[in-house]
Amino acid sequence: MSLDAIPIHLIPPGEPGLTGNAPPLLHELLEMVNRLLASGETAAIDLSALPLTPADLDWLRERLGEGEIAVTLLANGESTLAETGCPGIWWVTHHNEQGVVTSQFLEVAFVPELVKAHPDDVALGRDHLESMMADL
Amino acid sequence: MQGPLIDTLARRGVTRRTFLKYCATLASMMALPPSVGRAMAEAMAAAKRPSVIWLPFQECTGCTESITRSHSPTIEGMIFDMVSLDYQETLMAAAGHQAEEARHAAMKENHGKYLLIVDGSIPLGIDGAYSCIGGRSNLDILKEAAEGAAAIVAMGSCASFGGIPKANPNPTGAVSVSDIVKDKPIVNIPGCPPIPVVMTGVLAHYLTFGSLPELDAQGRPKAFFGETIHDRCYRRPFYDQGKFAKTFDDEGARQGWCLFELGCKGPVTHNACATVKWNGGTSWPVESGHGCIGCSEPDFWDGGGFYKALSVPADPLKIGAAAAVAGAAAGVAVSFANRAKKKAAKAAHETTTLDDLEK
Amino acid sequence: MNELQFLTWVRGPGLDIAVGIFLLGVLWRLIEIYSLGRKKDLAAPRHAAGASGLHTVFRRSLPPQGMLKRSPVSYIGGYIFHIGLAIVVFGFAPHILLIKNLTGLSWPALPSQFVDMVAVVTMAAMVVVLVDRINKPVKRFLSTFEDWFTWAVTFLPVLTGWMAVQHLLLPYTTMLALHILSVEILLVVLPFTKLFHAFTLFGSRWYNGRINARRGVPV
Ligand code: HEM
Ligand code: HEM
Ligand code: SF4
Ligand code: SF4
């Protein structure tokens, strides 16, 4: 007998709705965007650390909308850094290799930290370029 | 070998972005603000590999398996490789006297600075003869190694609380690390086995801040052991509605109802299984249909049975019947005494006074 | 002793001892009271409407004319907290599980949120009854140590159970162990104090009604 023959009905424990925890985040984001414009200071909100239900997250995503640019990072599982409808606010989702969401952030920055190349890495790249050119 | 961590990581093909991403997630799991994730990455990238000595005592190697055996080379595993593991019997190539020498050399060279990891309990019975390495008792080796350690990590329930070896009747006289070492900072990472990310979280914290994370009354990192399994369990709504699986394959079990009646110890167990999960986030014990057995709590083995609900007697009630018989006998005896008294009072024509009635 | 060992003790040997003393005490006192006996009433029985044991059981469960107005707290507060105790003890899933384990009997549980609310109402009613006992000079005059003691012994299990569920003050494990310990104290104390009224109350009402009915007096 295959395992599939055993009927298992998953009933989600009463689809939790909106908790009311999402709207205050918009105020926090506004504050962060103001600071970014005034002083260039970046900031982030850790979404996985807050008591947000899937419905809350959907609500937030719908409010913030979709922007024009999305970056996909392939490092130890996929990560997406998508600009929202409000430029400067990025929705960052990290997955592990199994595709499970490991953490989620709202980042307020002109460019998310992860996208920028580190000077040390740029220096390594230059060395590589130089040695490549020397071989030509 | 002694360069900054990020170079070692790079040699193993871990890019800076992978590392940044990992630190962001780790900080999130430890309930630290996002800015700390970045600080953590910077500090760890630049950190020198700390010397680590890992002493296995009365143990089953399950803890080592938990940390080092992952299906893919996870960063957890790599960070772990990143420390300079100067002594670990199971993993090191050296053996015998060579291994002992390596330990002594590391202890001398890094005196006062190395991190000591212990898994397994320490048997005190018959002068510690139940578990010896190179002819020396565990107690002896622990005391010697603890003396020069900056901090001690007790890995797993055995090192933290005595674990299974200490289970009733504790034939070897097993005790925990904190029962013996009193003058060093000790962090307990209980679990049978412990969750790998807790280990790396503690290491990351140590590398970033040079100190151990905040601990609870049992010496466990609050970030991972601050809440009970029950408080974070996705089956909790069923508990609150009073919907319980009665057997492991009844209708309730199939509907994913609460496992309280099947003996789940989630309400009294502090661990991160419900949020961090096991096997790369695949699942965790309650999700797979079995109650929590409370493996990260002291003396979980003697908690009155894994399949007994928390509110039912831990042992069968033994004196109930005997007490009932004794009670009945006492009642009969007292009634005879009362009747005799009444008869005597009647014979003596005693009168009833107001005092008698107020008694 | 750590908190889990404490919990295991109250669930194990502690419960064993408490249930043992409870059974011993209940049987002892019931047999003692029953065997006190009475001289046979040789007079011819009289009859009067509304005079019987059963009548008295019901009649005394309701306030006599005018009494509800004179001491509303004793009646209303008393009813509320007794019904509340019954709901919490017999309607809450973990409690039913214990009863099932001890006796084999079980029934469906009430939702935890409802039991939680009832626990709060029960405690409120008990506090009001206590305040009334302190405030009314006659009640205070009649009160002995036993009255204060039994109030506390009844109140503590409800308080600790509720605090455990709400995660108040102490870690859950410790609070749950204290809850069970407080119940064990209640079990030990019950047969030997006025709390034994749980067993004797209806019996004594019936008895009084019956005796007086024979004399033709409805009481
Ligand atoms: C030995 C007997 C008893 C045991 C083993 C026991 C066990 C428990 C357990 C395990 C809980 C907590 C469940 C949870 O965390 O959701 C609880 C809650 C509670 N218990 Fe008991 N109990 C006993 C007797 C009693 C008695 C006699 C009373 C009342 C006089 C009582 C009153 C309560 C109350 C009020 C709660 C909290 C209910 C709520 O707020 O939801 N318990 N009990
Ligand atoms: C069939 C069960 C029960 C009945 C019919 C009953 C009935 C009564 C009655 C009529 C009174 C008022 C008498 C007086 O004021 O002295 C009373 C008081 C009291 N009962 Fe019960 N009872 C029952 C069970 C219990 C149980 C199981 C407990 C404890 C767990 C309890 C705790 C108390 C307390 C503490 C008082 C005193 C209240 C005060 O301070 O005024 N009762 N009960
Ligand atoms: S399965 Fe266990 S941890 Fe989950 S709600 Fe039920 S009792 Fe609590
Ligand atoms: S669910 Fe409970 S018993 Fe299982 S690993 Fe987690 S803490 Fe240990």
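In the predicted model, a nitrogen atom of ligand 1 is placed 2.7 Å from an N or O atom in the side chain of His179(C). A nitrogen atom of ligand 1 is likewise 2.7 Å from an N or O atom in the side chain of His95(C). From chain B, Tyr239(B) puts a polar side-chain atom 2.3 Å from an oxygen atom of ligand 1. The model is predicted, with local features requiring pLDDT of at least 70 and side-chain atom pairs pLDDT 80 or more, whereas totals for chains, interfaces and linings use all residues. Residues are numbered from 1 along each chain as its sequence is written, chains are lettered from A and ligands numbered from 1 in the order in which they are written, and side-chain values use heavy atoms, without hydrogens and water.

There are 23 residues around ligand 1, a residue being counted if one of its heavy atoms lies within 4 Å of the molecule. Those that come nearest are Tyr239(B), His95(C), Asp116(C), Tyr172(C) and His179(C). Because the surrounding residues belong to chains B and C, the site of ligand 1 is shared between chains. Helix 4, helix 5 (93-103), helix 6, helix 8 (145-166) and helix 9 (172-189) of chain C each contribute at least two residues to this shell; helices are DSSP runs (H or I, at least four residues) and strands are E runs of at least two, numbered from the N terminus. The shell comprises 17 nonpolar, five polar and one charged residues.

Around ligand 2 there are 13 residues, of which His82(C), Val129(C), Arg133(C), His197(C) and Leu201(C) come nearest. Arg133(C) has a polar side-chain atom 3.1 Å from an oxygen atom of the ligand. Helix 10 of chain C provides the largest share of the shell, five residues. By class, seven residues are nonpolar, three polar and three charged.

Between chains A and B, 35 residues of chain A are in contact with 21 residues of chain B (heavy atoms within 4.5 Å). The two chains bury about 2,300 Å², 54% of it on carbon and sulfur atoms; this is the accessible area (1.4 Å probe) lost on being put together, summed over both parts. Three salt bridges are counted between the chains, each a side-chain nitrogen of Lys or Arg within 4 Å of a carboxyl oxygen of Asp or Glu. One of these joins Asp120(A) and Arg16(B), at 3.7 Å from N to O.

How values were computed:
A polar contact is a pair of N or O atoms within 3.5 Å; within protein, one must be able to donate a hydrogen and the other to accept it, and residues adjacent in sequence count only if both atoms are side-chain atoms. Ala, Val, Leu, Ile, Met, Phe, Trp, Tyr, Cys and Pro count as nonpolar, Asp, Glu, Lys and Arg as charged, and the others, Gly among them, as polar.
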